[in-house]
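Here is a report for a first look at a two-part subject. Please keep the sequence and the 3D view open while you read.

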Amino acid sequence: MTAHYLQGRYAEGAVPVAWVTSGFPVELLRPLGFHTVYPENHAAICGVKRLVTTLAAAAEEEGYSRDLCSYARTDLGSAFTGQTPVGRLPRPDLLCCCTNICQTVLYWYRALAERFRVPLVLIDTPYVYGEAPPHRLRYVRDQLEEAVQVAEGIAGRRLEPEELREVTRLAREGSRLWGECLAQSRYRPAPWTGIDGFFHMAPIVSLRGTEACNAYYRMLRDELAHRVQRGVGGIREERHRLLWDNLPIWFWIRPLATLLAERGFNFVCTSYTSAWAEAGRRVDPEDPIGSAAFAYTHVILNQDLRHRLDILRRLAEEYQVDGAVLHSDRSCKPYSIGQVDLREILAAELKIRVLLLEADHSDPRAFAAEAGENRLGAFMEGFA
Amino acid sequence: MTAAALGVDVGSTTCKAVAIDLAGRIQRSAVEPVDPRIESQVERLVAAVRGPAGTGLPLGATGYGRKRVPGGRAVTEITCHARGAFARIGRPGLLVDLGGQDTKAIRVGGTGQVLDFAMNDKCAAGTGRFLEIILGRLRIPLDEVAALAAGAARAVPVSSTCTVFAESEVISLVASGEPLDGIVRGLCRSLASRVAALARGPGAEGVEVFLSGGLALNAAMVAALGEEMGRPVQVVPDPQLVGALGAALSVLPRAG
């Protein structure tokens with residue numbers, strides 16, 4: 001990831017640069033030689049580095065509401081001030097936005113397009129109830145084909161089918177490998193923590209479709225498998241196994257990890273990290289664009305609540321959890337809506353303890369640490 | 001019987017200390033407005049309730065200041081309130097704790113364990129602070145609230161979304177000539193409706209409702225909450241001491 005951001009510093013003028021949302025089918029851009037920047041990933045780095053308060057304030061001064069996603073405010077603030085923890089972000093030649101994760105990205109990328117005066121490619125993915133009907137997939141596919149033409153124009157070259165197939169193959173393999181890493185936590189004790197997973201997910205988000213990404217996960221999977229063989233856990237003593245729903249609380253990740261580990265609690269699975277092992281597996285080198293339309297339309301945040309419940313239920317069973325923490329994320333409404341019902345259903349059906357934890361993925365001003373710690377503490381005491 | 005364990009509850013508004021005997025009965029207690037110098041206040045209150053038993057008794061600590069209690073074992077107030085209320089009532093049920101800046105709805109199981117809980121998040125509009133701030137503005141002491149509310153001909157509606165907005169709303173109501181007693185009754189209703197919304201979560205249907213916390217000493221609040229919940233609300237004996245009692249029970253040496 002360091003190399004990726006380092007390359008970014010020198011990308012401008014050397015290769016075409018695209019800023020993309022996490023849910024954009026990046027497979028289409030890689031064969032054209034784009035260096036891709038993920039503002040969401042960058043915002044998460046700002047969150048861990050505790051820069052959000054400064055950057056978000058810069059966006060708020062420009063008139064952006066504090067109720068807007070803190071990732072959006074962080075990145076807009078970074079674009080307005082030029083401040084970044086990664087040295088320098090290359091200026092985009094193209095903005096690529098896919099609405100499969102939320103509608104906020106649409107307005108966020110429009111603001112970026114206005115600022116940088118570059119073309120914005122928008123992929124609109126209709127919300128899915130059950131499974132998307134063929135006409136909706138065709139609608140997404142048509143947009144992807146149009147997006148390719150725009151990207152080709154900026155890159156100044158044609159998209160070679162053979163190269164697209166290869167990148168798609170790599171992306172699918174990367175998702176599979178990431179899934180294998182996560183699956184190691186089905187063993188007891190889990191060889192790593194869900195919090196480790198939040199950090200190790202960066203390549204599958206930002207470097208998907210590259211050999212570097214896959215090499216990283218092969219190594220990680222082997223190391224985790226080795227830990228499993230030796231019975232080495234992610235925490236010293238795993239007494240209780242938990243499920244985490246929603247994004248991490250980036251600025252509070254260390255206190256959270258300590259609080260849990262001290263009492264023998266481990267997040268052995270998270271719906272967020274596992275999402276990156278799901279969608280990518282559905283891309284198919286034999287039909288890169290058609291399969292991308294399907295895969296990227298059927299991501300977790302673009303599907304109905306029943307589907308979310310199925311995922312949580314499946315994770316809870318496969319990873320044999322005793323409890324779940326649903327992070328009600330002030331910044332991510334699509335992920336947080338419905339959690340009150342999910343909490344009730346999970347607790348009743350699976351007979352596990354479920355906590356709804358109010359926080360924010362990166363704005364510490366929207367989080368009361370003392371109250372959060374208190375609720376988590378009481379939740380954990382309930383297991384005694 | 002001499003004291004066997006001590007408990008302190010350092011809340012946002014008051015600091016409570018109890019000494020209990022081996023049977024878990026409260027022997028002595030003390031309540032004071034909370035002092036920012038937590039350590040010295042706790043030391044003084046503990047010395048006052050400890051009595052002749054001297055030093056060396058196990059000490060349980062709860063409330064927001066629990067981690068600053070020297071020599072205390074910290075337990076969250078949710079667990080402590082459940083334990084304390086169960087010790088006094090002896091039955092499972094739904095415990096509503098009306099604290100200074102927290103309102104908790106705790107489902108207490110058949111052994112005093114916490115089955116589930118919900119708390120106010122982000123905002124203190126559904127807590128004791130709501131009443132405290134607005135009564136301060138009206139210059140009405142808390143102990144006059146019950147009589148005032150009971151004598152009111154009707155409750156003047158007051159919103160409960162935000163304490164600060166409600167405060168300015170009350171000022172306008174006074175200015176427009178609404179009777180003070182009606183406003184006070186309206187405030188209790190407003191607070192009770194917010195608390196009831198929190199308490200009416202899953203598993204609350206048909207369950208006995210118990211009330212603890214400083215506001216449970218206020219008969220007007222108890223009546224308003226009963227009306228909002230649609231069933232009688234039973235106040236746990238010594239409602240203000242429930243957390244401290246639970247803290248003491250958490251460190252009480254088991255008999256035998």
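## Ground rules

Helices (H or I, at least four residues) and strands (E, at least two) are DSSP runs, numbered from the N terminus. Arg50(A), for example, is found in the loop between helix 2 and helix 3 of chain A.

This is a predicted model: local features need pLDDT of at least 70, side-chain atom pairs count only at pLDDT 80 or more, and totals for chains, interfaces and linings use all residues. Residues are numbered from 1 along each chain as its sequence is written, while chains are lettered from A and ligands numbered from 1 in the order in which they are written.

Start with Arg50(A). Its phi is positive, about 60 degrees, although Arg50(A) is not a glycine. A residue is buried if 20 or more other C-beta atoms lie within 10 Å of its own, exposed if 12 or fewer, and partly exposed in between; C-beta atoms are placed from the backbone. Arg50(A) has 13 other C-beta atoms within 10 Å, so it is partly exposed.

Asn246(A) also has a positive phi, near 90 degrees, and is a residue other than glycine. Asn246(A) sits in the loop between strand 5 (240-245) and helix 11 (253-262) of chain A. Asn246(A) is buried, because 21 other C-beta atoms lie within 10 Å. Next comes a cis peptide bond. It runs from Arg188(A) to Pro189(A), with omega near -10 degrees. Pro189(A) has its place in the loop between helix 7 (161-183) and helix 8 (194-200) of chain A.

## Two domains in chain A

Chain A is divided into domain 1 (2-129) and domain 2 (163-381). These bounds come from an automatic or database domain assignment. The centres of domain 1 and domain 2 of chain A, taken over C-alpha atoms, are separated by 22 Å. The contact takes 31 residues from domain 1 of chain A and 35 residues from domain 2 of chain A. Here, two residues are in contact if their C-beta atoms, placed from the backbone, lie within 7 Å.

Which elements of domain 1 of chain A give two or more residues to the side that touches domain 2 of chain A? They are helix 2 (39-48), helix 3 (52-61) and helix 4 (70-81) of chain A. Helix 2 of chain A gives the largest share, six residues. By class, this side of domain 1 of chain A has 18 nonpolar, 10 polar and three charged residues. Ala, Val, Leu, Ile, Met, Phe, Trp, Tyr, Cys and Pro count as nonpolar, Asp, Glu, Lys and Arg as charged, and the others, Gly among them, as polar.

## Helix 2 of chain B

Helix 2 (residues 77-89) of chain B has 13 residues. From its first C-alpha to its last, helix 2 of chain B reaches 18 Å, close to the 18 Å expected at 1.5 Å a residue. That expected span is 1.5 Å times one less than the number of residues.

Of the 13 residues of helix 2 of chain B, 12 are buried, so the helix is largely enclosed by the rest of the structure. Among them are Cys80(B), His81(B), Arg83(B) and Phe86(B). Gly90(B) follows helix 2 of chain B and has a positive phi, near 80 degrees.

Two strands pair if DSSP finds at least two bridges between them. Strand 6 (residues 93-98) and strand 7 of chain B run antiparallel, joined by six bridges. They form a hairpin with four residues between them. Val96(B) has Ala105(B) in strand 7 of chain B as its bridge partner.

Strand 7 of chain B also pairs with strand 8 (residues 114-119) of chain B, in the antiparallel sense over five bridges. The bridge partner of Ile106(B) in strand 8 of chain B is Phe117(B). This second hairpin has five residues between strand 7 and strand 8 of chain B, and Gly112(B) in the turn has a positive phi of about 90 degrees. Strand 7 (residues 103-108) of chain B is mostly covered, with six of its six residues buried. Thr103(B), Ala105(B) and Arg107(B) point one way, and Lys104(B), Ile106(B) and Val108(B) the other way.

## Where the chains meet

In chain B, 11 residues are in contact with 10 residues of chain A. Strand 8 of chain B gives the most to this side of chain B, with three residues. By class, the side of chain B that touches chain A has seven nonpolar, two polar and two charged residues.
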